[in-house]
Amino acid sequence: TGQLRSQSIKKSVFEVKVITRKDIDKRAGNNLADLLSQVLNIDVFQNSSSGKSDISVLGLDGKYFKVLIDNIAVINEEGFGKNTDLTLINLDDVERIELVQGAMGVQYGANALSGVLNIITKKKSKNSWEIKAFLQEETVGKEYEWFNKGRHIQSVSLGHQLSKNNYVSLSYNRNDFRGFLGRLKGKYYDNEESNLRGYSWLPKKQNFAKFLLTHKGEQFSAFYKFDYLHENIFSYDSIVHSNFLPETQTSNPSSFDKVFSNERFVHHLNITGRLGKLPYNISTSYQKQEKKREKYTYFIRKDIKENADKSLFLSKEVWFSRGTFSNLITSDKFSLQAGYEFTNEFGFGSDVAIDIADEDDDVSNSLRSTDLFSSSELDLNENFSIRSGIRVSFTNLFNTQFYYSSSARHLFKNNWEARVVLGYGTRTPNFDELYTYFVDVNHDLRGNENLKPEKGTSVFFHLKKQTDLNKKFSLKNKLTFSYINATDRIEVITVNDTPLQLQYNNIDKFSSLGISLENGFSYNNVQLNIGASYFGINRVLDYDTGETSNRQANFQLNSNISYTVPDINTSLTVYYKYIGKTSRFIQSDGFFQTQNINPYSWLDMTASKQFLNKKIAATLGVRNLLDVSDILTNPTSSGAHTAANSAITLGYGRSYFLKLAYNINI
């Protein structure tokens, strides 16, 4: 990922972490949120009301981290490649995942200050035919029924190697999350006095469909891929209206419910080849996402809905093209690559305004950018390489933006490797920050079209070593120092006290200094990995005056141990992650407060076994074995306000799952 050409991780100037297909299967992860929750320095936060999963990397949220699929970003409600909802990234056809932490702005443009995650999908097969299917049943906390409670996943995929050079595949995945009741009573509860109707975690149904056609030749290769997603999230109002009829002394309880629909499709065409001796790689993509809302009156006892009102409250489209041209200068020691990116993103709507959406007032806005970039790599010898790059970005909304990077790699004796990565880049304001208009009798929150892109600098130093004492015993050790600095960060501020008016503005500064240590141990059929990180983070609001500041230290620990019994094709794996005390700014009535989040831990366990010459695989597991749900927070006073202790919801407790997979290779 981000290289001038495909090469081994050892030769890469960047520090690349790979999550293999085997790792994904061990976790029985169905989406990206399932998979990343145990990765060091990555925090996943799930929203029980919206169903979204947000991500924090090295202390920065998902607006600074880019998620790619086959080297291109994916559209979502906040824009192109920003704050990607991890629950909408299905992993069925994934071959491997490559993770690079640190600024990658020269390679991938804006919004890649803390790194990129590139999902590489499968594009060929060793077999003529591949047929795969699986069923996965999972409890949601203690709640489970075959149809009405729990999480139910079904998937089927078909792949065919048409010829030596051509491959086609088709897959379908259905994820039915029936919600989590908790203290609430569900959809059919009709007591109007208790306000206990509904779900603590909203039910949702997801359908994924994918089609792939590839051609692999000696001088020319191409693939076309189509991804489709449809999601429904069901919101049941807690207020029940009795609709009592005195003349009959009967009632017909009803409630005002909603269904939020999310539809996304992605077309991606990629061609690679050579123009003479000049290798090229060109991708073109058209993506669209629409979110609709249906409001209706639901009569609970009759199980019917009336007065349905449907509206389209968000629509985003993007045309994207990326091309790279390598070996512009032919030399054994020097490589030069040039490339371009073109993005035309347009649409309307905001997740902030879903309760007052009105399609008659929809105003379409657009963000267009044309980027040119170039990277060079100099191999002074087989052990020492230097890489530098620059990117310039022209947009219709902002001044010309520049990105710079410089990296070096040195291979020492005894398998020591050292890498230094320096980068400067920007984060462009997202759609909500630019165009939100959320105004009614109780609210006044507006976007700001005069926002400036945020600026960021990062420095990473990696030192690692692999030791193979014999065929049975090996050690891997990696030490990382990091520094990140971001200015002109965007926050919501008060622009008027009476009446209260809020607006996005550039007033925040963020910096972090951290150290991470990761170790791997392998002996025979036992693998043990353990890592720890410590970050000092400083944030300042209104950094010209230092009006509100927040210093915090964050400690994380993760570990996993796996034992394989080859005679019976069985593996046992335990995953553990500890997240120390953290803090963040929260905004209430126009004032900022510092909210402290208490430490918590995640513990997962899985057991996998293969049968019938690996045609059938069963995975049994426990997620969140420590039964974490709500974490206490301890806000402090700020300005004229004082906040009471509260809690944030991180999960719905301990859950159990069973996955049965069937594979046929012909």
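Let me start at Asn-307, which sits in strand β18, residues 304–325. Strands here are DSSP runs of E, at least two residues long, and helices are runs of H or I, at least four, numbered from the N terminus. This is a predicted model, where local features need pLDDT of at least 70, side-chain atom pairs count only at pLDDT 80 or more, and totals for chains, interfaces and linings use all residues. Residues are numbered from 1 along each chain as its sequence is written, and side-chain values use heavy atoms, with hydrogens and water left out.

Back to Asn-307. Its phi is positive, about 55 degrees, although Asn-307 is not a glycine. Is Asn-307 buried or exposed? Exposed, because its relative accessibility is 60%. The cut-offs: buried is under 20% relative accessible area, exposed is over 50%, partly exposed is in between, with a 1.4 Å probe and protein chains only.

Asp-627 is another non-glycine with positive phi, about 65 degrees. This one is in a loop, between β35 (616–623) and β36 (630–633). Asp-627 is partly exposed, at 38% relative accessible area.

Next, the sheet. Five strands form an open sheet, ordered β1-β9-β10-β5-β6, with mixed pairing. Two strands pair if DSSP finds at least two bridges between them. β1 (16–20) and β6 (72–73) are the edges; each has a single partner strand, so one side of each has no neighbour in the sheet. β1 runs antiparallel to β9 (residues 94–101), and five bridges join them. One example: Thr-20 has Arg-96 of β9 as its bridge partner.

Now a hairpin. β2 and β3 form it, with six residues between them, and Gly-51 in the turn has a positive phi of about 85 degrees. Five bridges join antiparallel β2 and β3 (residues 53–57). Gln-46 has Ser-53 of β3 as its bridge partner.

A cavity is a set of points, on a 1 Å grid over the protein atoms alone, where a 1.4 Å probe fits but cannot get out; lining residues have an atom within 4 Å of a point. Volume is the space filled by probe spheres set on the points, with points joined across faces, edges and corners.

The largest cavity is about 580 Å³. It has 36 lining residues, and the closest to its centre are Asp-34, Gln-46, Arg-623, Leu-650 and Tyr-652. Which element gives the most to this lining? β2, with four residues. By class, the lining has 11 nonpolar, 15 polar and 10 charged residues. Nonpolar means Ala, Val, Leu, Ile, Met, Phe, Trp, Tyr, Cys and Pro; charged means Asp, Glu, Lys and Arg; the others, Gly among them, are polar.

The second largest cavity is about 310 Å³. Its lining has 24 residues, with Lys-66, Phe-80, Ala-110, Thr-343 and Ser-369 nearest the centre. β20 supplies the largest share, four residues. The classes are 10 nonpolar, eight polar and six charged.

Last, the cores. A nonpolar core is a set of buried Ala, Val, Leu, Ile, Met, Phe, Trp, Tyr and Cys residues joined through side-chain atoms within 4.5 Å. The largest has 49 residues, and Leu-32, Leu-36, Ile-97, Leu-117 and Ile-119 have the most contacts inside it. A second, separate core has nine residues, including Leu-181 and Tyr-236.

Terms used. On a 1 Å grid over the protein atoms alone, a cavity is a set of points where a 1.4 Å probe fits but cannot get out, and a pocket is an open set with protein on both sides within 12 Å along at least five of seven lines; lining residues have an atom within 4 Å of a point.
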